[in-house]
Amino acid sequence: MNILVFVKRVPDTESRIRIQREARGIVEEGLNFVISPYDEYAVEEALRLKEAQGGAVRVVSVGRDEAAAVLRKTLAMGADEAFLVKDDAPEAYDGLRTARIIARAVERKFAGADLLLFGKQSVGADNSQVPAMAAELLGLPQATVVTKLTVEGGAATALREIEGGTEKVSLSLPAVVSAQKGLNEPRYETLRGIMAAKKKPVPVITLEELGFGPGEPSPGLEVTGLDAPAARQAGKVLQGDPAETARELARLLRDEAKVI
Amino acid sequence: MIAAYLEIRDGKIKKSSLETLAEARRRAAELGVGTAAVMAGASVAGLAAAAFAAGAAKVYAIEDPALADYSAQAYAAALAGFAAEAKPAALFFSATAMGKDMAPRVAARLGVSLAADCTKVAVKDGALEFTRPIYAGKAILSVKLKTSPQLATLRPNVFPAGEPVEGGGEVVKMAAAVPEGAVKGRVVEVLKEETTELDVTEADVVISGGRGLKGPEAFALLRDMAAVFPRAAVGASRSAVDSGWIGHQHQVGQTGKTVSPQLYLAVGISGAIQHLAGMSSSKVIAAVNKDPEAPIFKVADYGIVGDLFEVVPKLTEELKKALKE
């Protein structure tokens, strides 16, 4: 099994996000960056498949030099190789642009992969679109938001989450699968893994090497605003006898808030 | 024309699709263009009347035996074929499991960008502007798409459904442009959850539990309360899910689901930023927590400081009474 995993560097989910309205970006200073949580499930699944069936796990991130840190984490978890597709462009929130870079990288640098694994979304842009777009650009089948994956011979069966149930998707390989929480429990890096990961090179692939000209691929959308969400105010707090406070809350929800 | 893709489950058009169509109609009216609905499957034209009643002026029915079982590849090919032939100015999907699975493929096939999981669509200077929460709602992004058609998925439960409309319109039957042998993945089975519980993203009322529940048993109290409402679901904080008290599909927060119900009731949830990110766009937030300093009270419209094991059963009874009256 030749497995490719795509990971992204994102702000820690416990971070507070500060916004630069004029620059239409977030303030990165003081933010703690991590591997996108859903990508960890993808890495773990790749490692388990390799352990069961042999093969190699290669991890790729599209981003700035700083993304090398999340790639090293995947090496410390046990990935065989990691590659940085260097993209210095600011966050464009455009999934198609990223998918085009990934599809081109797969075609030119990583041909012959049996399985392409992604997290179901990056926690940040929250687009949930790059895996499916990359699958389409590469002409591959997909199963997104997957909680169980079985790979046997040249085929895979995936369970994917839908509202109020689960879909069983049958795929022929090569295929794209995006990971959802519940797929597995990601392992921690070992000290030995961390030491070994420090010594491993993380080769850099440039957009020029992938055949893109200056400014390519350009985003298909224009950011017209970036704001903080409307702040919520603390409301009425009831204290005292449980029966009385319960009665009063029910009354308020019906008569004042009018939501029941 | 602005077209809305209508998703069909169990032979019916999904509620979230009717919301999407209603929003397509409002924005189309603002732009002075028509509204269409598009459906795909082995046999879907029979649902045209329901689409007209929901506000479509024209219904495109893509029918093909190849679409009997859902396949992202086949459906994307069918929808891209529709877009090439009918040339809508915009095509809206619901940001459901299916919409999020197929819309990106349609976009990639057409070579256009996609505004995902939008909570607002506006017309600015004659063009559509899409607003969507990012970082699970810690920031709000607005974008204009430079590509055509304008593709977007709209978050369920955010856009109001329209009033029923009298009369019908034209039904255009289309064949799917699904290339033989190109489809390498498809849904072979749909497994229903045993409960009749709604998904947290679809419910009007979400009742969530956290660490304060102290164990899986107390979720029964929340299920009892959810049963009082016609469209309620049980949610959970990350710590409750990570403790194994309830399945991850219930998790609300930045690494779970982002919800926007009419009423969000947080029970025994302190209100970590990870959790607040996923629920702060709820219309009304109520909280029950024994700690008066819990951060959840800083965002809640209503709160009860008290022991949830005492308060919740009483609140369930009071809500039952209030709903009856």
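## Interface between chain B and chain A

In this predicted model, 90 residues of chain B are in contact with 85 residues of chain A, where contact means heavy atoms within 4.5 Å. The two chains bury about 7,400 Å² between them, 55% of it on carbon and sulfur atoms; buried area here is the accessible area (1.4 Å probe) that two parts lose on being put together, summed over both. Of the area that chain B buries against chain A, Arg105(B), Tyr135(B) and Tyr302(B) supply 10%, more than any other three residues.

Local features are reported at pLDDT of at least 70 and side-chain atom pairs only at pLDDT 80 or more, while totals for chains, interfaces and linings use all residues. Residues are numbered from 1 along each chain as its sequence is written, chains are lettered from A and ligands numbered from 1 in the order in which they are written, and side-chain values use heavy atoms, with hydrogens and water left out.

## Strand pairing across the chains

Strand E14 of chain A (residues 221-227) pairs with strand E10 of chain B (residues 139-145) in the antiparallel sense, over six bridges; strands are DSSP runs of E with at least two residues, helices are runs of H or I with at least four, and both are numbered from the N terminus. Two strands count as paired if DSSP finds at least two bridges between them. Within this pairing, Asp227(A) stands opposite Ile140(B) in E10(B).

Ala234(A) lies in the loop between E14 and strand E15 (236-239) of chain A, and it counts as exposed because its relative accessibility is 51%, the classes being buried under 20% relative accessible area, exposed over 50% and partly exposed in between (1.4 Å probe, protein chains only). Leaving aside residues up to four places away in sequence, Ala234(A) touches Phe297(B), Lys298(B) and Ala300(B).

## Chain A as a whole

Chain A has six helices and 15 strands, and its C-alpha trace spans about 65 × 45 × 40 Å along its principal axes. Buried residues make up 55% of the 260 residues in chain A, and among its contacts with a separation of 6 or more, 70% are between residues 24 or more positions apart.
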